[in-house]
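Please walk me through this protein, from its overall fold down to its charged pairs.

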Amino acid sequence: MKLLPLGDRVVLKETVAEETTKSGIVLPGQAKEKPQYAEVIAVGPGIYVDGTKVPMEVKVGDKVIYSKYAGNEVKLGEDEYIIVKQNDILAVIE
């Protein structure tokens, strides 16, 4: 199965990594706050506003920061994704 977003929606895969505190304690992914950065997995075709197509500003493979409470979480097989609108993406990390 494959997720194909519609309109100006973007499919993101959150990056999950263990972190170690300064004192050496390993924090599992569940003990931390939800990450606000992810990798773009799929991009929709865009939308038309007043007859003009609005181009998508992100592309597959981009690392992005998105709004904290944005989007819908989707589980497909063993993988978890979040689907957000393009305007919920705040920045691209270069």
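What follows goes from the whole chain to the core, the surface and the salt bridges.

This is a predicted model. The protein has 10 strands and 0 helices. Read from the N terminus, its elements run β-β-β-β-β-β-β-β-β-β. Of its 94 residues, 23% count as buried.

Next, the core. The largest nonpolar core has 12 residues in all. Its members are Val10, Leu12, Ala38, Val40, Met56, Val58, Val64, Tyr66, Ala70, Ile82, Val84 and Ile89. Four strands each supply at least two residues of this core: β1 (9–14), β4 (37–43), β7 (63–66) and β9 (79–85).

Take Val10 as a way in. Residues up to four places away in sequence are not counted here. Beyond them, Val10 touches the core residues Val40, Met56, Val58, Ile82, Val84 and Ile89. Val10 also touches Pro5, Ala42, Ile83 and Gln86.

Now the surface. Tyr37, Ile65, Leu90 and Ile93 form a nonpolar patch there. Together these four residues have about 370 Å² of accessible area. Leu90 lies in strand β10, which covers residues 89–93. Its relative accessibility is 58%, so Leu90 counts as exposed, the cut-off being over 50%.

How many salt bridges does a search of the whole structure find? The search finds 3.

One of them joins Asp79 and Lys13, with the closest N and O atoms 3.6 Å apart. Asp79 lies in strand β9 and Lys13 in strand β1, so this pair ties together parts that are 66 residues apart in sequence. Asp79 is partly exposed, at a relative accessible area of 32%. Lys13 also counts as partly exposed, at 29% relative accessibility.

Another salt bridge is formed by the side chains of Glu39 and Lys63, at 3.3 Å from N to O. This pair links distant parts of the chain. Glu39 sits in strand β4 and Lys63 in strand β7, 24 residues apart. Both β4 and β7 also supply residues of the core. Glu39 is partly exposed, with a relative accessible area of 29%. Lys63 is partly exposed as well, with a value of 38%.

There is also a salt bridge between Asp62 and Lys59. Here the closest N and O atoms are 3.1 Å apart. Is Asp62 buried or exposed? Asp62 is buried, because its relative accessible area of 12% falls under the 20% limit.

A polar atom of the Asp62 side chain lies 3.0 Å from the backbone nitrogen of Lys59. Asp62 therefore has two links to Lys59: the salt bridge, and a polar pair within the 3.5 Å limit. Which residues does Asp62 contact, leaving aside neighbours within four places in sequence? They are Ala38, Glu39, Val40 and Val92. Of these, Ala38 and Val40 belong to the largest nonpolar core. Glu39 is the residue that forms the salt bridge with Lys63.

Technical notes:
Residues are numbered from 1 along each chain as its sequence is written. This is a predicted model: local features need pLDDT of at least 70, side-chain atom pairs count only at pLDDT 80 or more; totals for chains, interfaces and linings use all residues. Side-chain values use heavy atoms; hydrogens and water are left out. A nonpolar core is a set of buried Ala, Val, Leu, Ile, Met, Phe, Trp, Tyr and Cys residues joined through side-chain atoms within 4.5 Å. Buried means under 20% relative accessible area, exposed over 50%, partly exposed in between (1.4 Å probe, protein chains only). Contact means heavy atoms within 4.5 Å. A polar contact is a pair of N or O atoms within 3.5 Å; within protein, one must be able to donate a hydrogen and the other to accept it, and residues adjacent in sequence count only if both atoms are side-chain atoms. Patches are made of residues with over 30% relative accessible area and no salt bridge: like charges are joined within 9 Å, nonpolar side chains (Val, Leu, Ile, Met, Phe, Trp, Tyr) within 5 Å. Accessible areas come from the Shrake-Rupley method with a 1.4 Å probe; for residues, only the protein chains shown count as cover.
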